[in-house]
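Good morning, colleagues. Please look at the model on the screen while I take you through one residue and its surroundings.

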Amino acid sequence: MFLFRQQAAATDGVSNDSSSILAVRFKTTEKTVYKQALAEYIASSYAEPPEAYRDDLRVLDELREAATASFDANSNVLKRNIRYFGQLSFILSKFPADVNIPFVWHNAFVPDVNASCQDLYFERAAVLFNIGAIYSQLGSREGQSDNDSLNRAFSYFQQAAGVFGHLQQKIVGECRTQLTTDMSAYMLTMLENLMLCQAQECVWHRSVLSQMKDENIARIATCVADLYESTVQSASHGSLANTVPQGWIEHLKVKHLYFRAEAQMRKSMDCLATSQYGEEVARLQAAQEYCSQISELVANDQRWSKQLRAAVLEMVKAQSELVNSNCSRAEHDNDVIYLEPVPAATSLPNISPYKLAQSKAPEVILNPGKFLGSEDLGPPLFKGLVPFVIHQAASLYEDRKEQLVNKDLVSAIDELTADCESVLNSLNLPHALEAIQKPIGLPPSILVGADEIRSEGGFIGIKRLLEAAIASNAKATEQLDAAESALNEEAREDQRVRQSVRDERRSSRVESSELTNKFRAEIAKYRDVVQRARESDATIKGQVDTWAKFFALLGSPRDEIERQVPSTTANPITDPHHSQIVGRLQQYMDEISLMKRERIKSVEKLKRIASEDDITPALNEEMQRLAAQSATPILQFELHQFEDLFAQQLDKYMTWRKYIEEEKEAQAELLDSVREANQAFLVARSNHPLLQQREKALSNLETAIKRYREASFNLHDGARFYTSLEAELLKLKNGCADFAMARHLDALELMGVSQGETPVDLAETPEQTNATSQPSAPPNLVWDPTMPLKYRTP
């Protein structure tokens, strides 16, 4: 891989033996393009022409190529990576993170390990890691012999620390994949601490060059030592054992001890200047102890001398010589001249640290939105594309609108109509009225139902469907019986084999019960299914038997049905009072019909309003309002920011709740009137027995049509069920049969009988075998499933 080879070349520059400073290596990646995936997403999810964003797609691919093509630490590479990072931060407000674009990034310290996922947050985190690495390498390349170089290095290391800290605290947590260990919280914390160590070390170098007071140099060195100690602790975490580069922990430990010794030595110089000769000796002895610890580590383990850089070893050697020389002089002067008591090292006052190094990520990293449109990041890509969260908000609004309109409002209206129908059915309306208003003939609903039943074959058709279902159930039972019979026969044969074979061959044969558990569980499961289907078929059969004569009548020609329904033409109701009662009831029924029609129109109107209700323009206006209040074009919208807008938009549907309440009151009042009029109607027709008979007959025919439709639907559904079940049971039966045959052949082999030979009947003794070998009458040629299979040679 080209980028991998380039990484190796780049990291050679990082391992500079002449430098006492550590630098972070780059993460490497595989080639990836945005153009096709983002264009497809724009076309499918945003309903916009991808051609409008052709230049943005091209520029984004060029940015990635430029950011990952070179792994040399210089200002140009840094600028390219920062620009790519800033644009990634912006487009994450336009696209979901999991767009179909695969990103692969290798572990910076273990290049053979990589992470791969479709996550823009992961891509942004890897780019930011490399930005931190660039700052660290720029800092490591600065010299340590002049203030200008030290100031630049100090700034680079602070920015590197800030980048790694920002990465750990804000960026990595948004990634939606398992990251490599170089981007774990422990590793990023260690890298941030390391950069702070080296930034503070630059302060120490600068203080020495500037010849600051020894007391202040000691305080600065103490802070460096404290930071190195924290870095050693974070680098020693168990999860980083295979990630921290070889030699780093040794380097950190030596630097920690070196600056402990430096702090004590500088403090001793301050003591000498202030005539504190006893404390001077104690400080130098403490410094000597730290130098001795370094010497012991290097002398006792050759790995240390090999892993430590030459520059570090030179620093340690020079410090040790200076400390020993100063300590000898101080001890001699105090013993001969000053004669001050030397305090114990544990009683020496602590040297308070003086920290100047801070984690300071560049502002363009912390707030890239402020720099979009500037030379640093360039113009924002996909600026005209509606942010993805707006689409999410629109989708959420559609869900809430769907819930309100269909689940709440329309359902409430439908429930009102269903309640009305229930009341009318309990009053046998409008059938009772139709029996009077149309004394002969049949209502349209019955004529349509009868035509439907005749088209399906009438009673004969439903009976054939029922017989087919019963036959399919019986066939399913037979298949299960056959499957179980094969397993039972195999189990009996297995038992006979075990009784006949007594040597080690018996122990090698697995018992039948252990092998057939799955088969028997499947058989039991399907028996339960078949039994429930049989019960369902029996319920349908009872319904068909109950309504058989009505099904037969409805399958007859129209004139035959009319002939069977009583007619009231011979004795019509002619009483004017009775006609008035019927007219009043009919008026109420007409009002109910009108109410139903108006409700249908209202529901259609409500659904039309909902379908035309597009919240997108309002969301865009709200987005622009929020954008005007923001100081950055990178808008991190959250769905909760649109809750007030949702409530405002849905408020237009609240008038429909009032409409439903009004409909409920009007319906209750109308049904009360219907009940009253129907009661008078019942009294009026009580003296007309033929009318009651006709009404009852029409009601029965209506019910019979419903029952036929139910039975037909259930039986057709059952036919599809049995077709599927038959295939599954055939597979199960064949599986059991194949298993039984394989076990039978295994049994023959176990007994040493080939398939062409007559097997020994394991249930008989030798005497019985001899006795049955005599000529006998022809056998009964009926197969007995309890007997084992036998094969005879021709």
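Gln264 has a relative accessibility of 13% and therefore counts as buried, the term being used for under 20% relative accessible area, with exposed meaning over 50% and partly exposed in between (1.4 Å probe, protein chains only). The model is predicted: local features need pLDDT of at least 70, side-chain atom pairs count only at pLDDT 80 or more, and totals for chains, interfaces and linings use all residues. Residues are numbered from 1 along each chain as its sequence is written, and side-chain values use heavy atoms, with hydrogens and water left out.

Which residues does Gln264 touch? Leaving aside residues up to four places away in sequence, they are Arg283, Ala286, Ala287, Tyr290, Leu348 and Ile351, where contact means heavy atoms within 4.5 Å.

Gln264 itself lies in helix α9; helices here are DSSP runs of H or I with at least four residues, strands are E runs of at least two, and both are numbered from the N terminus. The axes of α9 (residues 248-273) and α10 (residues 277-300) come within 8 Å and cross at roughly 165°. Those axes are lines fitted to C-alpha atoms over the stretch in contact, with angles from 0 to 180 degrees between N-to-C directions. The two helices are therefore roughly antiparallel, a label for angles over 145 degrees.

Among the α9 residues that meet α10 are Leu257, Ala261 and Gln264, and the α10 side includes Ala287, Tyr290 and Ile294.

Finally, the whole chain: 28 helices and two strands make up its secondary structure, and 46% of its 794 residues count as buried.

Methods:
Angles under 35 degrees count as roughly parallel, over 145 as roughly antiparallel, 65 to 115 as roughly perpendicular and the rest as oblique.
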